[in-house]
Amino acid sequence: NRLLKEHEGPEPPPDLEAWDAEAARHGGALTAVRGRAVDRVGPRAGDEFERVAGDRLRVGYAASVEGRPDEDLEAAMLRRLGERRDDELVRRTTLVGPHRDELDLAVGALTARRFASHGESWAGALCLRLALWGVVGTEVGEPPILLLDDPFSGLDPVRRRRLGQGLAERGQVLIAVPDEAQIPDGAAVWEVEEGRVRPR
């Protein structure tokens with residue numbers, strides 16, 4: 001990006017091809033790993049969302065580069081870098097690579113980015129976190145500690161109750177809440193005030 005930003009003139013900077021090769025090699029590897037990670041997290045996030053919100057969340061990985069059947073991601077990224085070269089020179093930034101990838105989220109049949117309510121978006125973010133917790137637990141062989149900061153504020157009372165019930169089944173969960181009414185039933189409570197922590 002710095003090479004593109006500082007370059008003047010219509011021709012590509014002289015060292016750009018070397019940077020393209022590195023960007024394609026590492027970017028292709030990162031895109032592949034991310035795709036596999038989303039394949040593992042996505043179905044769990046859908047299950048979590050269904051428990052909390054009552055609908056199905058679909059999670060996909062929208063890579064900025066996809067290989068043709070006869071090419072790997074590194075080759076595909078090099079090809080796309082070449083195709084977007086003129087645009088990159090005009091805009092002075094890299095337009096191809098994993099930094100341009102996104103999660104593709106949908107609630108039911110509707111794209112979450114355009115049609116999800118605030119509560120659905122909030123629940124979706126939480127359910128991605130819960131799904132990641134499950135995948136990490138499977139990977140390491142024991143459930144990790146789950147840390148959630150103010151998870152209930154964006155949810156209606158029904159979804160709050162469902163989330164609270166689901167958190168009770170997860171081992172060690174630490175939740176920070178700003179309102180005493182959001183404390184889940186059966187939770188041990190510590191009060192934090194002016195740097196002091198004390199059990200209630």
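G97 sits in the loop between α4 and β2; helices (H or I, at least four residues) and strands (E, at least two) are DSSP runs, numbered from the N terminus. This is a predicted model, where local features need pLDDT of at least 70, side-chain atom pairs count only at pLDDT 80 or more, and totals for chains, interfaces and linings use all residues. Residues are numbered from 1 along each chain as its sequence is written, and side-chain values use heavy atoms, with hydrogens and water left out.

- G97 is buried, at a relative accessible area of 2% (buried means under 20%, exposed over 50%, partly exposed in between, with a 1.4 Å probe and protein chains only).
- Skipping neighbours within four places in sequence, G97 is in contact with S64 and M77 (contact means heavy atoms within 4.5 Å).
- G97 and H26 are 71 residues apart along the chain, yet 9.4 Å separates their C-alpha atoms.
- T94 lies in the loop between α4 (85–91) and β2 (102–107), and counts as buried at 17% relative accessibility.
- Not counting residues up to four places away in sequence, T94 touches N1, L4, L81, E88, H99 and R100.

**Loop between β5 and β6**

- Q182 is in the loop between β5 (173–176) and β6 (190–193), and with 10% relative accessibility it counts as buried.
- Neighbours within four places in sequence aside, Q182 is in contact with D150, F152, S153, R160 and V177.

**Helices α2 and α3**

- Helix α2 (residues 16–53) packs against helix α3 (residues 73–83) at about 130°, with the axes 8 Å apart (axes are lines fitted to C-alpha atoms, for helices over the stretch in contact, and angles run from 0 to 180 degrees between N-to-C directions).
- α2 and α3 are therefore oblique to each other (under 35 degrees is roughly parallel, over 145 roughly antiparallel, 65 to 115 roughly perpendicular, and the rest oblique).
- On the α2 side, D20, A21, A23, A24, R25, G27, G28, T31 and A32 meet L73, E74, M77, L78 and L81 in α3.
- By class, that contact of α2 with α3 has 8 nonpolar, 3 polar and 3 charged residues (Ala, Val, Leu, Ile, Met, Phe, Trp, Tyr, Cys and Pro are nonpolar, Asp, Glu, Lys and Arg charged, and the others, Gly among them, polar).

**Helices α6 and α7**

- The axes of α6 (residues 118–140) and α7 (residues 157–167) come within 12 Å and cross at roughly 5°, which makes α6 roughly parallel to α7.
- G119, E120, L126 and L130 in α6 meet R159, L163 and L167 in α7.
- The residues of this α6 and α7 contact split into 4 nonpolar, 1 polar and 2 charged.
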